[in-house]
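Subject: Structure handover

Hello,

My notes on the ligand site and the pockets follow below it.

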Amino acid sequence: MRSVKSSVKGWKTAGTCLTVLIILRALGPGAAWPQELAPPRIDEEIAKQEKIYGSRGADVPGGYVTGRGLSDYAELLPTGFCDALGKLGSSDRWLDIGAGDGQAILDYYALEDDAAPAEKCARSLIKARVFAMSIEDRRTDQWRQQAAIFGEDRLCYLTGKRLRDYSPQELGKFQIITDVYGGFSYTEDLSQFLAKVLSLLETGGVFYTMVQGVHLEDGKNKPDDWYQTELLDAAGRDVKVCSWLKKTTCVQVTCDSKSEWDSPTEVINMRKVCSDTAVPRVKLLEYQAGNPPGRRFQLEP
Ligand SMILES: C[S@@+](CC[C@H](N)C(=O)[O-])C[C@H]1O[C@@H](n2cnc3c(N)ncnc32)[C@H](O)[C@@H]1O
C-alpha cells in the first residue's frame, strides 16, 4: 500500500496568486487527523482516497469527475447561485473548493463571443476574482492560457493542500464559496470543514453546496436508497444533514431535497448573517474511500 505521504510527493503549491507565503506542509496521516479518530481501517481508507486524488490519465476512476462546467454547477447548486455570481463586482471574490480542472471558473471567465456554456449562468461583463482550490493539481492548458491572459491575481489555482491547511491570512474573505462534489463531500472532518468555510465568508456571503446519498430534509427518501453520508445522534438515531446544518449559529440555511435524482441529494444554501458562527461538532465513525467516499458521523453531545 502506498503511503499518504508518498502519494502526494511532487505536488506543488501554486502560491503566486496569494498575497502571503504558503509553506507546503507534509500531508502525512497525522497532519490533521486526530489519533483518537484513526483506527487502522480508517487510515487504510484514507490512504486509498489519497490514491484517487493522485490518480492520472487512465488510472482516474470513472466516478471521479473533475471537469464539470458552469452549466453543471448551475444544475447542481441552489437556484440563486447564477444570479449571485452575475452580481459580483470586480473586487469581489469567489472560492470554489474542490475545483478539479477549474472548468466552471474557466466558463465564467469565457469571453462573451465564445460559444459560452456560461450562457445560462452569470452573464456579466464584470468578473470577480476567482480562486479554484484542489488538493491535487489538475490545471489544464486552457487554465494556463486563461490565467496568462487575465493574470493569476484574478484566476488563481490553489493546490498542494486541503482547505484546513490554509491560514485565514492566506485566503482572505469571499462573497461566494461553492463546493460541488468537493471537500464537503470528501472530508473526514465535516464540522471542522464547515467551520472553516464559514470563517472565510464575508457576513452576507453565501456557501452554495450539495451532498448526495443523504437522509433528505423533506423525508422523501425511497426504500431502496443507499446512503453515502450518514449522521447519527448520540443515541445512534439518524439525523438529517440539513437538521444538523440548521443548528449552526449565525447562518440561514435553505435545503432543497432532490429525491428524484439518481442518488438522494440535498442542495444547500448557507448565508452567513453574523460573524459568530459555531458548527455543532460531529466525529467520524466510518470512512470508506470512493467517489465520493462513504462516511458516517456522530453528533457529539
Ligand atoms: C470529484 S472532484 C470535483 C471537481 C469539480 N468540482 C467538478 O465537479 O468537476 C473533487 C475535488 O475536491 C477536491 N477536494 C477534496 N477534498 C478537499 C479538501 N478538503 N480541500 C480542498 N479540496 C478538496 C479534490 O482535490 C478535487 O479537486
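Predicted model: local features only at pLDDT ≥ 70, side-chain atom pairs only at ≥ 80, totals over all residues.

**Ligand site**

A pocket here is an open set of points on a 1 Å grid over the protein atoms alone, with protein on both sides within 12 Å along at least five of seven lines, and its lining residues have an atom within 4 Å of a point.

Residues are numbered from 1 along each chain as its sequence is written, and side-chain values use heavy atoms, with hydrogens and water left out.

There are 22 residues around the ligand, and Arg68, Gly98, Ser134, Glu136 and Val180 come nearest; a residue counts as near if one of its heavy atoms lies within 4 Å of the molecule. This shell divides into 12 nonpolar, 7 polar and 3 charged residues. For these classes, Ala, Val, Leu, Ile, Met, Phe, Trp, Tyr, Cys and Pro are nonpolar, Asp, Glu, Lys and Arg are charged, and the others, Gly among them, are polar.

- Arg68: an N or O atom of the side chain, at 2.7 Å
- Gly67: a polar backbone atom, at 3.3 Å
- Thr66: a polar backbone atom, at 3.5 Å

On its own the ligand has 600 Å² of accessible area, of which the protein covers 98% (Shrake-Rupley method, 1.4 Å probe). Strand 2 (129-134) and helix 8 (183-186) are the elements that give two or more residues to the shell; helices (H or I, at least four residues) and strands (E, at least two) are DSSP runs, numbered from the N terminus.

**Largest pocket**

This pocket holds about 530 Å³ of space, the volume being that filled by probe spheres set on the grid points, which are joined across faces, edges and corners. Its lining has 32 residues, with Gly98, Tyr181, Gly182, Gly183 and Tyr186 nearest the centre. Strand 2, helix 8 and helix 9 (190-200) each give two or more residues to that lining. By class, the lining has 14 nonpolar, 12 polar and 6 charged residues.

Tyr181 is in the loop between strand 4 (174-179) and helix 8. Although Tyr181 is not a glycine, its phi is positive, at about 50°.

**Second largest pocket**

Here the space is about 160 Å³. Residues lining this pocket include Trp226, Tyr227, Glu286, Pro292 and Arg296. The lining comprises 3 nonpolar, 3 polar and 4 charged residues.

Pro292 belongs to the loop between strand 10 and strand 11. The peptide bond joining Asn291 and Pro292 is cis, with omega about -5°.

Regards

Note on methods. Polar contact = N/O pair within 3.5 Å; in protein donor to acceptor, adjacent residues only side chain to side chain. 1 Å grid on protein atoms, 1.4 Å probe; cavity = no way out; pocket = protein on both sides within 12 Å on 5 of 7 lines; lining within 4 Å.
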